[in-house]
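Please look through the structure below with the sequence beside it.

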Amino acid sequence: MPTHNHTHEAVPDNGGELDPRDAAALLDQTTRRAERQLDLHPPVLMLVAALVVLIAYGAIWLSVRNQHPYTGPTLGALGVLYATLAAFGVLVAVVTRRAISGIGGRSSQRRRGEAIAFAVAWTSVYVFQGALHHAGASHAIAYGIYPAAAPLIIVGSAAAAYEAAKENWEWSGFACAAVVLACVGAFTGPETVWAVMGIGLATLLLARAASRIWLHG
Amino acid sequence: MSAQELDPLIHVPARLRIVATLAALPEGDAVSFPRLQDMIGLTPGNLITHLRKLEEAGYIDTEKTGNGSASRTSVALTRAGRSAFEMYTEALRGLLGGL
């Protein structure tokens, strides 16, 4: 559909003489505008997410680098991680609330189901971490490689499958890339994995934001 | 194909904006009247007039819930409306391809 630099004010509202080119421009403009207003993951949110990931993983990496033997992140670094994630959670809630305001129907029921399923997936990641600790796994595994990489492998795989089922290839591809990143990152060891995950995930988020702007305007 | 073959119910700026906005919602979803008005930027009277025409054609469904000041009207594209919109966009593409 060609895009002209028209606004809806530029065309008559009585249906008398709407030129097909003007109609196409108006249709394109209206659709893009509606998609932006309904977007739950606007590019700016992904840019903030990239920054959050860099700060959170960066704080952990700074606290664990040069640890011999590896003991795990300090309480201060964990505080930075949880504070950053909490602030980002508030931002996501505000963006979501604005996007879905006044919208009801099937998708709101689906969102509730999604939230429950992904909450179970996230919880299982940390319950399993407890099992690793209980079984005597080393700190390098229980507080290094596993918490840095496993959340993305487990939740990312679930998200990739879910988005693929909806034929949402952009998000499915993003989730697959995150899973691959986590698998590769896990080989770099308990210290470096935090830096690899932080930089890699931030890069993926920036690429995703750029592709959304490029594809959807 | 000529411009006259485009669905005249949709081929009006205000109604094209209404239908395109409703089509951006996932199938099975409805939008409240104030949110639709906010998204499109029409006056309430103008929006009601166009919604009535689309409803008479079976392109949209409106549902009113509650009473008095707590009443809420929601608007959704029907299956026939979505299909008509798809045919309209196809026809428009064909027309522009031929121009």
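**From one residue to the interface**

Leaving aside its neighbours within four places in sequence, B:Gln37 is in contact with B:Leu42, B:Pro44 and B:Leu47, where contact requires that the C-beta atoms of two residues, placed from the backbone, lie within 7 Å. This is a predicted model, in which local features need pLDDT of at least 70 and side-chain atom pairs count only at pLDDT 80 or more, while totals for chains, interfaces and linings use all residues. Residues are numbered from 1 along each chain as its sequence is written, and chains are lettered from A and ligands numbered from 1 in the order in which they are written.

B:Gln37 belongs to helix 2 of chain B; helices (H or I, at least four residues) and strands (E, at least two) are DSSP runs, numbered from the N terminus. Because 17 other C-beta atoms lie within 10 Å, B:Gln37 is partly exposed, a class that falls between buried (20 or more other C-beta atoms within 10 Å of the residue's own) and exposed (12 or fewer), with C-beta atoms placed from the backbone. B:Val12 is 25 residues from B:Gln37 in sequence, and their C-alpha atoms are 17 Å apart in space.

Chain B as a whole has 4 helices and 3 strands, which follow one another from the N terminus in the order α-β-α-α-β-β-α. Its C-alpha atoms fill a box of roughly 50 × 25 × 20 Å along the principal axes, and 38% of its 99 residues count as buried. Among the contacts in chain B between residues at least 6 apart in sequence, 59% join residues at least 24 apart.

The contact between the chains draws 28 residues from chain B and 27 residues from chain A. On the side of chain B that touches chain A, the elements giving two or more residues are helix 1 (13-23), strand 1 (29-32), helix 2 (33-40), strand 3 (72-77) and helix 4 (79-97) of chain B, and helix 1 of chain B gives the most, with 6 residues.

Strand 1 of chain B runs antiparallel to strand 1 (residues 103-105) of chain A, and 3 bridges join them; strands pair if DSSP finds at least two bridges between them. Within this pairing, A:Ile103 stands opposite B:Val31.
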